[in-house]
Every structure is written in structure tokens, then in C-alpha cells.
Amino acid sequence: MRGSLHLAVVISAALLAGCGVDMPGTPDGNGRVYVAIADTSGYISGEPGVPCYVDSAEVSIQSRTHQFTAVLLTGPDGVVALDDLATGRYYLFARKDVYIENNKKVFAGGMEFYITGEETVEDTVTVGLIATSELMINEIYYTGATCTFYMFDQFVELYNSSSDTLYLDGIILTRHYPAAEPDQDEVDYVKALYAYQFPGTPVTGREYPILPGQFVAIASDAINHSLYCPTSIDLSVADWECFNPLGSDYDNPGVPNLVNINPSRTSDYLIALSHNAVVIATGEEYTYEEYGDHGSIRLIIPLHTVIDGVEYATSATSTKELTINVDAGFAGIGMTKYSGQSVERRELGLDTNDSTFDFVIIAPPTPGYSHVQ
Amino acid sequence: MRSIATNRYGFAVLFLALSLVVVASGGWSNELRTSMMGNCSIALYDEDNQLNPYDFGHNPAYMLNDLEFEWVRFIFGLEEERGELKRPYDPLLVNNLYLGFTGIKKLSDRHVTKGSFAYTRLWQREIPNALEIDQYNDPFYLVDETTGDFEYYGPSAQVDYSIRLKPDLYLGLGFDYDICTGLKQNYTRPEIVHTYFKGNIGLIYEASKSWSVGLVARPVRLQNRTKFRRTDEGFDNVIYRWYGDGIYDVRAVSDYTVRELLYGVELSLQNFIMTDRFKLGAIMNYSLNQNELRYGATKRLLQGFWQSTVYDLDLLARYTPPGIPLVIGLSGRLMNDDGWAKRPDFDDILLYENPVNLISAGGGLSYLIDSADLLVSAEYVMNMYDVEAKDYGASAFREVDIIQNIGRLGLEYSILNVYAFRGGVEIIDYLMDRWLKYPSNTDLYRFTGGFEYHTGYWQVDLQLAYSEETKKDYEASRRGMSGIVWVTRLTR
């Protein structure tokens, strides 16, 4: 009996020891990134077509799997190195401001990389002059005011960063379809849940100008919201208002309308308070697609008609829903519902197609102007 | 009899138990007398501290042999601990109030059962940011942005059963079950439902009159389910999920659930030599605990994994020389607890490593001064700890290799077997915390006093305890007070 008991415990212990999971052998937190920032344009220094390494370029590294951001400057050799990185997926963004004939030009470039364990990532990022759309989304206020459940004061602000007058005729403003799709970075379209359109003829229309340096605030409801929520804002002076004739939406007769073009939607233009995307497109081309079991319709908008798009999310580790071909990052990381905060471009006209770096969080919202003015 | 409070299932469960029974007072254990006498246990003879497989080995199979009387006991305890000398996420003040009863009954000559029930209110006050019932049970933790109070309510029950299968073979079965619900009183207002189950299956084989061999298996399941709900104001619940002290992410959501699930098992092989003058207990334990953390609103994704494997050899010997009322005791322990953690998204990468090694040796004496009806017990334990807390994700590495000294002194003055007055002091030089986050080189001083009154079938015990943790050249301290009352009715 004694022998049996001893044998039983030894066998059981051996079996239990087998149940345990083997401890991984590679320690976390020892990743290293070593990146050179190069320019081949010849504008920063050197000859066109010959890579030269960029001194004092601002390099931002952000994790896509956990909360981590570091901002570094390249040394004279154009290199940045960062040690002790935790395992995860990262995005590196490099930019350098250069004044060419007294005009500030922004050179930028980026790369995504994955670090595991003690791995060192070595690479070169070539920066180039950023070609940005001249009409862009400058500010989005989506969180709602610091009152109980008050989010009807949302607005989107457009900005003409060019030196020419542009036209808003026929442009559509959308709320992006809020779902990640596996092929979203491969397909040549984006999907819209809500879509509101400026009057006029897309592309060729000349009735609704936006002057160089002008802001255009588009309100969900162009009313003085501070009458209903003291901490909210006055949007009765907004330039435009979204109006949905299919529902019981309030229409301020003194403010012109963007009108709903999704026949299955009866609600006003409202966007999610934590994670969503806003896209503007020329409006020249789109189709309808039915989805679900209830006859719901979404818009399919060709990518080549997209003017600008911004995805926002509270967490840097959120799943991307808008293709990285329009926006590689997230605005508003860390911003929460009913905080009274909005996201606005860090600099007027800066558009690198990575909202993580293009946008900053501001409070209070600034409809019709910018916090950097 | 077996002790509920001193069961060991690896550090994770131990620390959780410590957080629930805040002041080491022994109130909800069966060892109030030894607790009153400074926690002396090596050489102090006590009905509840015998060197046998039930009291020392917690083997339920031996309960039949351990039983001397049937009794029913009512228990009331109030414990409080307060002070700034603590780890960052520990509560400033802990208040623990409990009521319960426990009893043991012999069903026949072959079997005996014991049951306990208690209802506890645990109030953890001014907790900075922490959102778990035990923030330090693994390297993963949740925090928010506020300091607040948690209030937990819930019952706990323990049942043990022992039966003699053959004249020399005993089987024991038992379980412990706790459930409590806690609510943080302010934003982010999470609700925590804590459930804990531990089975206890034991065998005892009496190989000879003086030699018993035992085997115990203890499966453990512990679950903490934390729910965050939409606030009345509609604000997001902003919570930070930490993976060690270097990696975190932020979640801002209305509804969110975190489930922490620990599965563990302990196997224990026990050898006991019990003669009239000499007793020796040797217990070899192996335990494995795995803790999984799942986060999510709809799908609960596995985000954290913690495992600890413990090998533990525990020895205790007592000798009573002939002719003098003296007990000499020696204790020893070898323990190796290898804990580590990973983020399952990165399965091959080690996030945290936390080996704890302990070599312990102790000795004690108990002497009865007949002429003065005074029992004196004194003991000394030397624990040599080698602990490493390697947080690879944070590139933070801590290590201590220290000797912990523990001294205990207990006195008992008896009058006519009716009254007994007891007092004791316990000093622990360097409190140990496996994460090495407790302020280093903190000492504990614990002073106890109490009395027992015995008449007929009734016995009343009262204990008052005061404890103070201090650190040299450090102004802050942590003080605890507790009061425990037992009313026991001997039924046979």
C-alpha cells in the first residue's frame, strides 16, 4: 500500500508536470529599431536621385498593439535607433520641414514593422514631398458635449489649403461603414453608411466656392446647442447643415443643406462617438449596395473619387476600418465620449494621410477656425 | 484539526487569501490559541496544532483520528489595517467584518464531518486606481483614473468529511467555496464577482501504529469576473490594461467584461511518524496554477497567461523529553516557485519571470512552569529568500537575496482550567512580497492578547491584536487592529 501511494503521487506529479505550458525562451522588451531617413529628391541636400541621409528629421514611432509613442530626431548620419521595444507591431513616421523659396514644404515617409523578442529591425525610409489634396477635412467634433448623452452638436470642418478657389458642388460627406473587412486595403472603393451631398454638379459645378484658406463648418444640426447643453457650442452660424428629408430632422432655414442620399437612412448625420471614419468624395460616381436582411443600403464610392478621409478611434490598437490608402492611422487616440473634445489638424494644410500624426486633440472645438490661427 | 487559513496553493491563491483575511489573526481558522500566543506553532502543543496529517498536512482523511470532541462554534471578527506603507495599488485602509459558525460531528465510529459557514464584508478603502480584488496575483492588472473604495459582500463555506474504509485506510473529501460581489463606489464602478472553489481529496494509510502515509489532491478554480457598465452620464469607462509594468493599452468602452480564471491543482505526499515522545511530519507538495485573463465586450479574447509551478518540502518535528514539561520543535522548508507570464498574442515571447526560492529552518521550545501555571513558548525561524522579478516588457529587473528572521514568543497563564490569559509577540524582520514591490526591508511587529473562559460545555475565547509594519528611516507605517470572539459549545 505504501509503495502504491508513493507511486501514485510520483505518477500524478509527472502527469501534472506534463500539463504545464513550457516557458517561452525569448524575453520580451529587447527589440531594437535602427532606421535611416533618406531623401532622393535633392531638395533637402545632395543631388536628385542620389540618396542623402536627413539630419534632424522628426521620427515618430507608435505601437499598433499597445500604447507606445516615441519621438526622436535623426542624428547627422540621418539615423535613429531605439532600444528596449516590446514585442508588437509598430508604425514609424518620419518628417522634415524644408523651406524652399520661403515656402514651407513637408517631406515625409513611413513604414510599418514588427518586432518580436530580441529582434533588430534595420531599414531605410525614403521621405518625399507630400502631395496632399487641397481640400481636406480639418476638424471633426464627434465626442459630444460634457452633458448627459448630448452628441447632437457634431460637426465636420473642411479647409481649402490651396492658393486657388475650389468648389464644393456635388461633394459628398460620408460616415464610413463601421466594420473592418479583410480586403479593405486591396479593393478600390470605400463603403459609406451615411452620405450627405452638397447641391450642384460634381466636379464641374461652380456655384459653391471655398476660398483659399477658408474653413467650412458642416453641422449635423445648425442650431445653438448651448441652449440645450451649457457646455456645448453654437452651431447656428455653421456654413452648412446636414438635412435628411426622409426623417423628422430639424432644418435651420437660414443655413444651406447637404441632403441625405442614402434612401434607407432616415436619421440625421451622426457619427460614432468612439471609433468611426469620415470621408469626403467628389460625388461624381457612386453606387448603392443592399446588405443585411432588412433592405439596408450602403454606398460604394470609388477610391479615385475620394478627396480625403480621416479615421478616429479612442485606442491605438483598434482595428482599422478605413483603408490605409486613405488614412494609415487614427485621430483622437485617448479621446472619450462626452468629453467635449475634437480632433483638428496639427498644422493648417498638413495632410500625410496618417491621422495619428496629422491630428491633435483640442478643446473646445473650433468650428469655422483653427486652434493654430 | 486542520487549519483553513494556512492552506497553501501557490502564491496566487495565498495572496488572495491574505487580502481577504487582512490581519494575520487566525480568526477564521482553528488556531486562535496559537494566534493569541504570538503565532507560536513549532513547539506549542495545541489541539488544533498537532503534528498530524490533519492539522499539519490538511489532509481531510485524518479528521476522524484528529477528533477529540464534537463542538459547534460561533465566530465574530472585526479586523482593520491602515497605513501608507504599502504597495502602490494596495488599499490605504482595509476593514474586514465577518460572522460565522463552524462545527464538527461524528456520524459514527467510522466517519466524521465538519462544516463551516461565514458571511464577510470586506471594505477596501482609498484604493488608488486598482480594479481587481487582488491586484497582485499575477503580472497583469487593470487600473482606472480614480481612487475609490471597493466593498465586497459574500458567503464562504467549507465542508470536510472523513471515513475509515479499512482499519488502516482512511478517505477524506472536502471543499471550500467562496463567492463575493464587490463594487467600486465611484467611477468606473466595476462590479467584481469573485468565486473560489477548492476540492480536498485525501487518503491516509496507517502503515504501522506510529507511521502514517498520506496523499492529498486539491483542485482549485478561482474566477474573478469584472463587469463595467455604461455610466449614467453616458461617459466611457476608460480602463488601462497593464501587461507587467511596461506594456499597456487603453480601452474606452461602455460595457466591458474581464474574466480572470485560475485553474490549479496540488498534489501532496505526506509521511508522519507519531510516537508518544517524538513526532515528525514531512510533506512534499507539487502544485501547478494557470491563470488566464480574457478581456472583451462581446468576445473575450485571451490576453494574459500566468503559470506557477511549485515544489515544496515542509518538515516539522517535535520531541518531548521524559520527566520535564518541555516540547522541543524543529522546522524546515524548501520551496521553489517558478512563475512566468506571457501575452498569448505573442506565444513564444516571455513577458515576465518570477522565480521564488525559499530555504527555511526554525526551532522552538515550549515549557510549562508548573508552579506558576505558566506556559511559555518561544521560537525562531530563519527564511532565506532568493526572489527575482524580471519584467522583460518593462525592462525592469528586481532581485533580492535576503534572510528573513522571525521571532515569536507566547505566554499562557491558566487558572483552575477555567480561565486562561494569553499574550504574545511576533516579529518579522523583512516582509517578503514575490513581486518585490512592497517597500523593502519592512518589519512587522504583532502583539496579541486574549483570554479563554471555560465552564461546563461552553467556552468563550477573545483575542485582541495590534500589528505595526515599519521601515527604517521611513515615516509612513501601517497599523492593524483586530478583535475576534469565539463562542464554542462542546456537544460531546
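This is a predicted model: local features need pLDDT of at least 70, side-chain atom pairs count only at pLDDT 80 or more; totals for chains, interfaces and linings use all residues.
Which residue takes a positive phi in the hairpin of β16(B) and β17(B)?

1. **Chain B overall.** Chain B carries three helices and 21 strands. Its radius of gyration comes out at 23 Å, close to the 23 Å that the globule rule gives for 492 residues, so chain B is as compact as a globular protein of that length. Along the principal axes, the C-alpha atoms of chain B fill a box of roughly 70 × 50 × 45 Å. Buried residues account for 47% of the 492 in this chain. If you look at contacts in chain B with a separation of 6 or more, 66% of them link residues 24 or more positions apart.

2. Start with strand β15 (residues 352–369), which is joined to strand β16 (residues 374–391) by 16 bridges, running antiparallel. To find your place in that pair, look for Leu358(B), whose bridge partner in β16(B) is Tyr385(B). The hairpin here has four residues between the strands, and Asp373(B) takes a positive phi near 50 degrees. Carry on and β16(B) pairs with strand β17 (residues 396–415), again in the antiparallel sense, over 18 bridges. Val376(B) stands opposite Leu411(B) in β17(B). As for the opening question, the residue is Ser395(B), with a phi near 50 degrees, in a hairpin that has four residues between its strands.

3. Strand β4 (residues 140–166) and strand β5 (residues 169–184) run antiparallel, with 14 bridges joining them. Ser156(B) faces Asp178(B) across that pair, and the hairpin the two strands form has two residues between them. Next along, 15 bridges tie β5(B) to β6(B), also antiparallel. There, Tyr170(B) stands opposite Ile204(B). The β5(B)–β6(B) hairpin has six residues between the strands, and Arg189(B) is the one to click on for a positive phi near 50 degrees.

4. **Where the chains meet.** The contact takes 35 residues from chain B and 36 from chain A. Several strands of chain B give two or more residues to their side, including β6 (191–206), β10 (256–274) and β12 (301–319). The largest share, six residues, comes from β9(B). By class, the chain B side has 23 nonpolar, six polar and six charged residues. There is strand pairing between the chains as well: two bridges join strand β1 (residues 26–27) of chain A to β14(B), and the two run parallel. Pro27(A) is the residue that stands opposite Leu350(B) in that pairing.

5. **Domains of chain A.** The domain assignment gives domain 1 as 31–129 and domain 2 as 135–362. Their centres, taken over C-alpha atoms, are 31 Å apart. Twelve residues of domain 1 and nine of domain 2 make up the contact. On the domain 1 side, the elements giving two or more residues are β4 (58–63), β7 (88–100) and β8 (103–115) of chain A. That side divides into four nonpolar, seven polar and one charged residue.

6. **Cores.** The largest nonpolar core has 64 residues, and Ile140(A), Ala192(A), Ile218(A), Ala238(A) and Val279(A) touch the most other members. Strand β14 (residues 189–197) of chain A supplies the largest share of this core, six residues. Apart from it lies another core, of 51 residues, with members from both chains, among them Val35(A), Tyr90(A), Leu293(B) and Leu351(B).

7. **A buried glycine.** Gly329(A) sits in the loop between β22 (306–312) and β23 (342–345) of chain A. Is Gly329(A) buried or exposed? Buried, because 26 other C-beta atoms lie within 10 Å, against a cut-off of 20 or more. Leaving out residues up to four places away in sequence, Gly329(A) touches Tyr91(A), Asp354(A), Ser355(A), Thr356(A) and Phe357(A). Val310(A) is 19 residues from Gly329(A) in sequence and 8.3 Å away in space, C-alpha to C-alpha.

Terms used. Residues are numbered from 1 along each chain as its sequence is written. Chains are lettered from A and ligands numbered from 1 in the order in which they are written. A nonpolar core is a set of buried Ala, Val, Leu, Ile, Met, Phe, Trp, Tyr and Cys residues joined through C-beta atoms within 7 Å. A residue is buried if 20 or more other C-beta atoms lie within 10 Å of its own, exposed if 12 or fewer, and partly exposed in between; C-beta atoms are placed from the backbone. Two residues are in contact if their C-beta atoms, placed from the backbone, lie within 7 Å. Domain bounds come from an automatic or database domain assignment. Ala, Val, Leu, Ile, Met, Phe, Trp, Tyr, Cys and Pro count as nonpolar, Asp, Glu, Lys and Arg as charged, and the others, Gly among them, as polar. Two strands pair if DSSP finds at least two bridges between them. The radius of gyration is taken over C-alpha atoms; the globule rule is 2.2 Å times the number of residues to the power 0.38.
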